[in-house]
Each structure stands twice: as C-alpha cells, then as structure tokens.
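Reader: Could you take me through the charged side-chain contacts and one of the sheets, giving the cut-offs as you go?

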Amino acid sequence: MTPKLTPTFLAVLCALAIVATGHPSSKTFSFFNNPLNDKIGIIGAGPSGLFAARELQRKGYTRVTVLERSDVGVANVTNTIDVDGSVFDLTTRFVPTTTFSGPGIPANLKEMIDDLGLPTTPTGSFSYLDTTTPQLYPAPHVLAAFPPTQILSDMLWGWGLLTQVSQLGSITACHAAGISPAGESFAEFSDRVQKGAFTSFAAYLQDLFLGGRAVFQDACMVLNVRARFMSSDIATVLKAAGLTSSFPGVPPALGALLDLSFAELSRSVFDDGYQNFFDQLVQYENLDVKLGQGVQFVHKFPFGKSLVVTNKFPFFFLFDKLIIATRPWDALSFLPQSAPIRPLYAKSFFDPVFVLLARTTGTLPLVGDPYNAILYPQSFLVGTANLPYDGVPLAASKFFGNVDATVTIGFASSSQSTADLEQISGGVLASNNVTVNGWINSNVYPYVADVSAADAGDGFFEDIDSIQGQDGYFYVSEAMAGSGVPSVLDYVQQITDRFF
C-alpha cells in the first residue's frame, strides 16, 4: 500500500533520502552551481537506462545512479541463454555491420564494442536469399510478386529515402521534413509512394524481427527503425539482382556495400551474447547500478528535488533530475499523477511475442540459409494486415552449432499460455519432420512498446519531445525511439546531447 503523502511524512522521507544518497548539505555554493554535480537518477537498467548513464558519465556527470527492479542483473530484455556451451540471444540479437553511410558497425555502437573488446561473428545471409546461385529465393516470398526491374528501381528509391531518414535521425524530424505526415500508417504511405517492392520488404523485415505490425504503425516510426537496420538487406537484394558499384548513378555508400561479399553483408552477433555486452558495459564504465530497487512511487518537491521510494534498502533516493528508462506501462505504476507523460504513456501498448527453444531431432527444410531456417507458409503474411496473432510460429531456426535445438518465434494472443504455445510449435515442427524432445526455454513477453498511427497523428511523438525536461524529468525508451539497440542508442544520445 502506498503511504499517504502528508507534508510531515514527505519531510521525513526527504531527510532520510538526503542521508541515504549522500546529497550535499554543507558544500560550497560552487558545488551546487555546477550542473555536473547534479544527482541524476535513472529508473531502469535496460539498454536505454545503461546508455543514458554511460553518456552522462562521459559528459562529466559524477553522481549518476541507475535503479533496477530486477535483482538478477541488467538488460534482462536480451534473454541470453547458454545451451551446452553455446550462447544464444533469444530476443535482442543482431549487430548491424553496415549503415547507409557505408560498411561498418554504426560508429557509436562500434566505439563501445571496441572499448569492451568483444568479438562478433557474421550470421550469414538470411533466408530470403539463396546464396548458392545467388538469386532471389523463389516464391512464396514477399518479393516474388514484383518483376526484377521494379525490385531494382524500388530498392534504389528506398536506399535514397532511408539515407535521408538516417540523416534526419528521429521520428519527429521525419515528420517535420514531410517524408510522411504524423499519423500516416505505413500501409497508407506504401499506397501513396507506389514503391511496392521496397515498402513490402520493409514491412516484412519490421514484422519478422517482431517490431510490431508495420502496416498499422506510423510510417516514420517504421522508416526510422529500418534506417538503422536495412542497409545490408537492400544491398543484398540489389547485389543478387546483378547491380554493381560501377552501375551509373549508384550512390557511393551503396557501391561500397555492393563491393562486399554476401557474407560480409550479413548481420553479426556477439560471440558471448548481448547480455555479456551490457554486463561488460556496466563494469567498463563503472556504472552505479543498484539492483532489486523496485520503484514504488516518485514525488516532486516544490524546491525541485525528486524523491524516489523503492522497496529495498535504502528505500529513499533524492535526485535533482530523473530519467525514466522503463517501459511505459511500468512507468505509469510509479510516476506522479501530475506527470505530463502519463496521458501519452497510457496510449502505448504491446502485443505478446513468444520465443520457444526446444531440444529436437530431425532437420528443418533448408532454404539457402547456413543456419538452416524455415519460414512457414503463414510467415509470408508478415508485412501485411493478415499477420497471424494466434501462436503459430512465423519462423524456426537452428542457431546452436552442434547442439540439436530449435527456436520458434511468433506472435501470441493474450489468452494463450506457454503450454498452449509449446503445443502449437511442437505440432508445426512435427509436420516438418522435427521432433521435440523437451523444452529448454519458453518465454512470452512484450517485445516492444507500440503506438498506433492514429495516436501518432494526434502528436504522440511531438508531445513527448515537447515535455522532455519539464520538472527535471526525461524519458527514453523504445516507445519513442523505435525497436532495436541502435535506435535506442541514437535516441538516448540525442536527448543527453540536447539537455545535458
């Protein structure tokens, strides 16, 4: 039960928080006058919160504390597991190896990877491409309905568009530039631009990587995410179609990608998993992360400080500024009723996503993918309004080297239990001559905070942008950034550069 916030009670909590957090009470005026001495609290030790802590410390802030509800560790969204010595990320997984500026991991992410000295390994080309020929994989496929000339022209157009979006850097900037007005769904955008091969492929990738139902999302939200992940996909398709860097009019950055091999165009994964990346980041940057600190409520004092009450000793924290880096529905449980973000966060929602890992025997049908993945017939509805949300897997893959294990992914309905989903996936695998010998890991979770195109049209992203910093509160999460580590990292850097 949340205690009644009487003036006396709050005064006592404030005094306790000063003692618990070491807030200066007898320092010189110069200490107080230096913003780098502000005590900054970050609620949530997921990717957003950890990146924010790193950015602030690198800017010279010395009093940054991250409060994390889980007592297990940081960045649990990665869901990294070890199966007989083979590491696999069941959710957050891929490291982009190209951008719309050319080859190479995005510079801000590469800086961290280099600092930490973490090895990565290419995954190989994806199953939409038969790398043995090479040629586009035959139907059924999202590109099968388009003639080669249209694929070529539409993908070149898409390259130019996403290059522009990547330079703009945010969803609100995409809206302001007139690429797509706020509230235009991706389906409406596709109908308007008439570049079906590109837009179908973009929606397909957005859905297949469980980023939400693309056709219903705000177009700039989809484009903002794809601008961080799709350069290698477009280059792979164009290379398979026969385009070379010497072709007249090919942009230099695209030409540099076309000169790479198909293997070099593939995404990479961390050899020791994404969880290890975030664990090492905490250690390398010496981030002050306090685990097991579930936030119960936040109170804003008239004199500017924010009191954060948690469920674990020391129970009370007093901060000059707060960065809310949790999922929206979690933030609603502790933010003050007066917080201007509340009506906006209330519009955020999620669809259940499942990732099931089983010990198996038998071989999945090969589709030109070195990881032996199969896309089931219903997965060819990915990128359309008919995308299934009934627990039937969209894809199954074997990524465990010598370990005979298979992972299935897809969208579930809110009424389905883990046992229901295991039964469905087991039946689908059996129909492909793969036998389940036991389930290793079964998870259903909200993969990404989503916002409807209609709410985007009502100013969701612009309104959040306008209240950043009000009352010393700042907000960073996938709800504003879009899905994926590169999207979140870029957004966090934009906010910290703008306000700190």
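Author: A salt bridge is counted here when a side-chain nitrogen of Lys or Arg lies within 4 Å of a carboxyl oxygen of Asp or Glu. This is a predicted model, in which local features need pLDDT of at least 70 and side-chain atom pairs count only at pLDDT 80 or more, whereas totals for chains, interfaces and linings use all residues. Residues are numbered from 1 along each chain as its sequence is written, and side-chain values use heavy atoms, with hydrogens and water left out.

Reader: How many salt bridges does the structure hold?
Author: One of the pairs is aspartate 497 with lysine 59, whose side chains meet at 2.7 Å, N to O. This pair links distant parts of the chain, 438 residues apart, with aspartate 497 in helix α19 (residues 485–499) and lysine 59 in the loop between α3 and β2 (64–67); helices (H or I, at least four residues) and strands (E, at least two) are DSSP runs numbered from the N terminus. For the structure, the number of salt bridges is 18.

Reader: Is aspartate 233, which forms a salt bridge with arginine 267, buried or exposed?
Author: The side chains of aspartate 233 and arginine 267 meet at 2.6 Å, N to O, and the pair joins helix α10 (residues 231–240) to the loop between α11 (252–258) and β11 (268–270), 34 residues apart. Buried means under 20% relative accessible area, exposed over 50%, and partly exposed in between, using a 1.4 Å probe and protein chains only. Arginine 267 has a relative accessible area of 3% and is therefore buried. Aspartate 233 has a relative accessibility of 1%, so this residue counts as buried.

Reader: Which helix holds glutamate 111, the salt-bridge partner of arginine 58?
Author: The side chains of arginine 58 and glutamate 111 meet at 3.3 Å, N to O. Both residues also belong to a network of salt bridges that includes Arg54, Glu55, Asp115 and Glu285. Arginine 58 is partly exposed because its relative accessibility is 39%, and glutamate 111 is partly exposed because its value is 38%. Arginine 58 lies in helix α3 (residues 47–58), and glutamate 111, 53 residues apart from it, lies in helix α4 (residues 107–116).

Reader: In the open sheet of three strands, which residue of β11 is the bridge partner of phenylalanine 94?
Author: The order of this antiparallel sheet is β5-β11-β8, where two strands pair if DSSP finds at least two bridges between them. β5 (94–95) and β8 (120–122) each have a single partner strand, so one side of each is left without a neighbour in the sheet. β5 and β11 pair over two bridges, and the partner of phenylalanine 94 in β11 is valine 269.
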